[in-house]
Structures are given as C-alpha cells and as structure tokens.
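Dear colleague,

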Amino acid sequence: MIPYLSLRYAFSSSFKQRSRAIRAVVAIALSLIVVNVVISIMDFLQNDRFRDIRDVRSFDVVVEGRHKDELSSLFPSSVVFEYGEGEALSENGAYNVRYISPDYDGGLNIIYGDSSSLLVPYSVFRFSDGKVTLSMLRKGKAATTMKNFDYDISGIYWTNVGTEFDQNTIFLPMEEADETVYFLTAIKNVDIDLCTKTLDELGLSYKTWKEQESSLYAAFFVEKAMMYTVLSLLFVIILVSLRQSVRIFVSTRQRECAELEILGMERRDITLVMELSFFLTLLTGIILGLVFGSGALSLIEKISLDTPLLMDMHLSMSYSSMGFFSLFMVAVTGISVFMENRKRNKKPLWEVIHVK
C-alpha cells in the first residue's frame, strides 16, 4: 500500500502536482549536469597540469645525492636517474642549469639536434649565433670563483610545462658538472607512500613532488575549494525551490492524509508515504542528471578530439562529488518533508477535513 500511494502521489495530476514534479526533476537534473561537467573539466585540467609538472620539473620523489644503482635495485619497476642542478648567467639573463646523462627521463622534447653539448629552449636560441657564454661558479684550488665557459648549442627543446620552465632552464651533459653542482636522484612511476617508507628506513633525505610544489598545490586546492563553494550556491537555490515544493506538496495533501488516518493508517506510515512520494521525484532527477551528465562528458570529449584548437580531453565523472551533492539534497528534502508533516500532524483532524 505504501509504495502504491507514494507512486500515485508523486506524479499526480491533481493540484498541479505533476507539473511541479516535472519542474523539480528538470532543475535537479540540470544542476547535477552542470556540477558534473564543471568538476570533471576542473579535475582534468589540474591533474593534467600536475602530471606535466611531475614528468618535467619535480618528479615523484627526488633523493639528495647520487644513488641510482642503489635505488634502481630497490625499485626495479620504476624509472630512476641522476641529474645535477646549478645556476648560470649569460648576457640574456639568469638560468637554472640541469646536468643530465643519456638516461635522463625528464619529459624533454628535442626539436633540433641533441643533448651532447648545450641544450636550450628556442627563446635562448633565437638570440644567439649558435654559441652561448655562461658564467658559472666553479671550485678552484683556493676558493670557488665565477668562471666563463663558451658552449656550442647542440639542440633545442620544449616541454609540456611551458614557458615557466623552458625559458629559465638549460641543459648540459653530466660531464660538465663539478663539486659545486647539487646532485639529485629522481624516482618516477613509483608508489610514493611505499617509496618514502623505504627511503626513511635507509636514512636518505628526499622530497616528494607535493613538497616541492607545495605553493602551487595549495593554490590549486584553494581554487578547487572556491569552485565547490560557487557550485554549492547553485544547490542552495535548488534546495530553496525544493523546500517550497515540499511545503506546497504536503499542504495540498493534508485532507488526503487526514482521510488515510481516519481509515486506520498510522501517522508514521502516512509520513513515510509523503517522504517516498517526494523522494521518487528527487531520485528521478538524480538518475537523469547522472545519465545526461555522463553523456555531456562524452560529447565534450568528442568535440575536443574533433576540434584542432582544443586540447584532447579525457573526462571522468567525479562520483564522490555527485554522491555528496545527491545525498545533501536527499537529506535536506527528507528533513523538509518531516518538518512539514509535523506541522500537519499538529492540526486536529476535524479542522483538516472541513477545510474548503
């Protein structure tokens, strides 16, 4: 009896309930579609950005010192390589210098030449005549002094990180490094928690990519928090509308609820009928929102794939976010129906029955 009455009341044609229910379903579905698309695109952009940073600039875990042989045996399925870091001055500005070996796996895309000598971005190459003079600190017999070195440009590169890295970084062979260079060992494609636990047991100093990019990671976290805040405002509007729909729905069913009580149905069962009736509307909107939201993501992926000027997007639904917003709507709706039924139950039956 309870499921039958709930289904009948949910989309009843009386008191314009059907049109109100359809409007509520559309509003719920559209809000979930918008949230799904916005969150999925934001997650893709942030994850894509972090993936490039971990591939080019910071790497998953970076250990101080040269420990390639030792770490390669400990993490055989990971990519392990050594590199050095230093600084240099030229007539065009200051640069970070990375000293690399042939096994360096830092996301370099060499568009011309090779890394046998000085590897530079195009922004450096276009202002040179094929040679660059670098001033770098080098350790002498008595002290560390600044020395000038002339290098032939052997290649031009670019990375997925973009100009923020490329314009400030040049590469030299590992043979050019000396004791003033800061040597590091990078580990890529590794379980970070397992890796850090092993490194702690060995007593090695290291930094994870999150520690190296802590300011950027915090900025992206704030950005995502602000996005959720803005999207929550959309749901506040939807919930206000649902609250109003609940009030109208319960008030228009007062007489029928009183008649059911006179016929012997208990008040808790009547309240359950009212709650299930509105939950059917809410559940219909949520299901349609998830279905059409998934379709919207597929459509966006296809458009990005077929449009050369757009990046190739691979979007996935954020089930945790969808679950949170859906449960939030269910909770608010349930409380609203319960409160409206409490108000209805306070009225005497004779007063409700004789309402015209």
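Helices (H or I, at least four residues) and strands (E, at least two) are DSSP runs here, numbered from the N terminus. This is a predicted model, in which local features need pLDDT of at least 70 and side-chain atom pairs count only at pLDDT 80 or more, while totals for chains, interfaces and linings use all residues. Residues are numbered from 1 along each chain as its sequence is written, and side-chain values use heavy atoms, with hydrogens and water left out.

The protein contains twelve helices and ten strands. Of its 356 residues, 43% are buried, where buried means under 20% relative accessible area, exposed over 50%, and partly exposed in between (1.4 Å probe, protein chains only). Taking contact to mean heavy atoms within 4.5 Å, residues 24 or more positions apart account for 78% of the contacts with a separation of 6 or more.

Turning to the interior, a nonpolar core is a set of buried Ala, Val, Leu, Ile, Met, Phe, Trp, Tyr and Cys residues joined through side-chain atoms within 4.5 Å. The largest such core has 30 residues, of which Ile28, Leu32, Val35, Leu242, Phe325 and Met329 touch the most other members. At least two residues of this core come from each of α2 (17-56), α8 (214-252), α10 (267-306) and α11 (319-345), and α2 provides the largest share, nine residues. Leaving aside neighbours within four places in sequence, Phe325 is in contact with Leu32, Val35, Ile39, Tyr228, Leu231, Ser232 and Phe235. A second, separate core of 18 residues includes Tyr95, Val124, Ile170 and Ala177.

For the pockets, the search ran on a 1 Å grid over the protein atoms alone, and a pocket is an open set of points where a 1.4 Å probe fits, with protein on both sides within 12 Å along at least five of seven lines; lining residues have an atom within 4 Å of a point. Grid points are joined across faces, edges and corners, and a volume is the space filled by probe spheres set on the points. The largest pocket holds about 290 Å³ of space, and of the 14 residues that line it, Arg57, Glu85, Asn96, Arg98 and Phe165 are the closest to its centre. β2 (79-90) gives the most to this lining, with four residues. The lining of the largest pocket divides into two nonpolar, six polar and six charged residues, with Ala, Val, Leu, Ile, Met, Phe, Trp, Tyr, Cys and Pro counted as nonpolar, Asp, Glu, Lys and Arg as charged, and the others, Gly among them, as polar.

The second largest pocket has a volume of about 190 Å³, and β2 also gives the most to its lining, with five residues. Here the lining divides into seven nonpolar, three polar and three charged residues.

Finally, some loop residues deserve a look. Glu213, in the loop between α7 (209-212) and α8, counts as buried because its relative accessibility is 7%, and beyond residues up to four places away in sequence Glu213 touches Ile53, Arg57 and Ser58. Most residues other than glycine have a negative phi. Phe59, in the loop between α2 and β1 (61-64), has a positive phi of about 65°, and Asn189 has one of about 60°. Phe59 counts as buried because its relative accessibility is 0%, whereas Asn189 counts as exposed at 56%.

With best wishes
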